[in-house]
There are 2 protein chains.
Amino acid sequence: MTSDTSNTADTPAAPTFDDILAAAERLQGQAHRTPVVHSRSLDAAAGMGVWLKCEQFQRAGAFKFRGAYNRIASLPAEQRARGIIAFSSGNHAQAVALTAQIFGIPAVICMPTDAPEVKVRATAGYGAEIVRYDRMTEDREALARQLADERGLTLVPPYNDPAIVAGQGTAARELLEEVPDLDVIAAPCGGGGLLSGTAIAAHAMRPSIAVVGVETEAANHAWLSLRHGEREKIDPPDTLADGIRTAQLGTLTWPIIQHDVDDVVLVSEDEVKEAMRFLLLRLKLVVEPTGAVAAAAALSGKLRRFGQRAGIILSGGNVEPEVLASVLNQAGG
Amino acid sequence: MTSDTSNTADTPAAPTFDDILAAAERLQGQAHRTPVVHSRSLDAAAGMGVWLKCEQFQRAGAFKFRGAYNRIASLPAEQRARGIIAFSSGNHAQAVALTAQIFGIPAVICMPTDAPEVKVRATAGYGAEIVRYDRMTEDREALARQLADERGLTLVPPYNDPAIVAGQGTAARELLEEVPDLDVIAAPCGGGGLLSGTAIAAHAMRPSIAVVGVETEAANHAWLSLRHGEREKIDPPDTLADGIRTAQLGTLTWPIIQHDVDDVVLVSEDEVKEAMRFLLLRLKLVVEPTGAVAAAAALSGKLRRFGQRAGIILSGGNVEPEVLASVLNQAGG
């Protein structure tokens, strides 16, 4: 890995808790207030109290709708009407496409030619125009910016944006409204949008709470960054948790995480699969691999040093049937 | 099949809606008030409004806890303290075992030697004593009655009991409290405990509602019974929906269903699997095959003739990992 030395002068200011409250008002009636699940068998397995914020039941199947909707709803109406563009092969794509459908505006989503067809279909199902690109030979950012310029579209970034971070923070706010006396709150960390929003919301509402990011061992850039005190970049990680196959934190999310997150913990691929099995078979909850990483931290005992009551953000449920089947076919559980 | 001519003089009176309200009071603080899920994509796929009562999130993973707890809580304290016995290899076993654990009383569950080990372990995990019997050579009822006599245990039947039926009716009552203006409510039908309780609750709260039972094509005894006007018995049915592998309705549940249920509809095995896939991949809900049969009726358009707004009881979520994986591995969906 290498440490990042790029100029961050363009980075906007971090959102505040007031921005999260404003996001919550915008999301009212649009985003679901997802349920918080508590289970005696999960408590017993984790050796602590665990409360699950179920963002797999969010619209478009993941927390990403919160940030995308907040970002797009914050645009001046005239700018928004010209349309939006995003590059993503995952949950951000579906969140942006759904938001565009709600506003009745054009959406262009740039997806790699080798993106899973099921995700392409889901995104197109919300009415978005899909532009395919070759991951090996084309620069997706350059492509998106060119299309944005040509058509007057606004780019909706996946995490490195204050309105995105503020939107993602509304999930932790709802969780702490429902279960105020948590000792620790844990969320998966890819680009850091969810984790930084969680940290801002949680520390504003409960200053004593520990905020913990969770990565898989292969996707450990935030864990490295916290330990080295600078924003580390890793090679594209090979992990089942496709939602956190990110090389580094953003220029906006890194300083928030550095100052406001208590620690990042790592879980193994097997711990993620075991957590998925437990959630499926014991709690009857479908989560995608990324959605299970924070639960895996709880189930493997890695959150107990932070206290006795953990809030866990199950970040999404959009999983390929083949991945679910392979998790179910494994021994154990 | 043959029609049943057994003497029903011993059959107790059907429960009333007041009995269901009394059951709801007993269940307060013990049973979960399970969530009702509504989804635009489900509405679009079904061509009507659909509301799902999620009993897979009930304690012990199925609606069965409602009836078992109500039955056992209704016993005189002295009789209850001597212990209870049941024969079941499925959700009733776990419900009875959990209730016994809650009351701190002995429980004996008679299970066939070829019952799935995962269900045996789950039942034993609640502290019940498991007595195995050979399905081919032993009479489980005679075995259970002998053990009951020897040890002073009370037999908790799976469906043919007014307190069981009243307990099961509390699920429909909660659903109609939350979504009062349904045109139709549908529930799976095996021995008829859930369906008859549903009918009593639903018609008391909303006389105009259509109450519909759902069976798989192979397990069509209630469908036959309604058409022939007498309680039909079929050979043990071969269906993926193991919770409704029942040969006939009970002497208590049959007259309730004959007088109070508007129709029984049949779904194919493939329709059940498609419904399970839809619930898993689109709604992120794990249901067992029996839990999906009423949803399969909605998704295959078989409830549209009853109106525009359907309430569906997803009856449980206790499914073998191999069964879930095989459903996921099928083409389509």
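Start with B:D134. At 29% relative accessibility, this residue counts as partly exposed, a class that lies between buried, under 20% relative accessible area, and exposed, over 50%, with a 1.4 Å probe and protein chains only. B:D134 sits in the loop between β6 (129–133) and α7 (140–151) of chain B. Helices here are DSSP runs of H or I with at least four residues, strands are runs of E with at least two, and both are numbered from the N terminus.

A word on the source. This is a predicted model, where local features need pLDDT of at least 70, side-chain atom pairs count only at pLDDT 80 or more, and totals for chains, interfaces and linings use all residues. Residues are numbered from 1 along each chain as its sequence is written, chains are lettered from A and ligands numbered from 1 in the order in which they are written, and side-chain values use heavy atoms, leaving out hydrogens and water.

B:D134 and B:N91 are 43 residues apart in sequence and 20 Å apart in space, C-alpha to C-alpha. B:N91 takes us to α5(B), where it is one of the buried residues.

Helix α5 of chain B covers residues 91–103, 13 residues in all. It reaches 19 Å from its first C-alpha to its last, close to the 18 Å expected at 1.5 Å a residue; that expected span is 1.5 Å times one less than the number of residues. Of the 13 residues, 10 are buried, so α5(B) is largely enclosed by the rest of the structure. What covers them? The cover includes α3 (64–73), β4 (84–87), β5 (107–112) and α6 (117–125) of chain B. Contact here means heavy atoms within 4.5 Å. After the helix comes B:G104, with a positive phi near 70°.

Now α9(B), residues 193–205. Its 13 residues should span 18 Å, and its end C-alpha atoms are 18 Å apart, which agrees. 11 of the 13 are buried, so this helix too is largely enclosed by the rest of the structure. Among the elements covering α9(B) are α1 (17–27), α8 (162–178) and β12 (309–314) of chain B.

Next, α8(B) and its packing with α3(B). The two pack at an angle of about 135°, with axes 7 Å apart. Axes are lines fitted to C-alpha atoms, for helices over the stretch in contact, and angles run from 0 to 180 degrees between N-to-C directions. α3(B) and α8(B) are therefore oblique to each other: under 35 degrees is roughly parallel, over 145 roughly antiparallel, 65 to 115 roughly perpendicular, and the rest oblique. The contact residues divide into 5 nonpolar, 5 polar and 4 charged. Ala, Val, Leu, Ile, Met, Phe, Trp, Tyr, Cys and Pro count as nonpolar, Asp, Glu, Lys and Arg as charged, and the others, Gly among them, as polar.

Over to chain A. The axes of α3(A) and α5(A) come within 8 Å and cross at roughly 45°. That makes α3(A) oblique to α5(A). By class, their contact has 10 nonpolar, 3 polar and 1 charged residues.

Last pair: α12(B), residues 269–282, and α13(B), residues 289–299. Their axes come within 8 Å and cross at roughly 95°. These helices are therefore roughly perpendicular to each other. B:E271, B:V272 and B:A275 are among the α12(B) residues in this contact. By class, the contact has 11 nonpolar, no polar and 1 charged residues.
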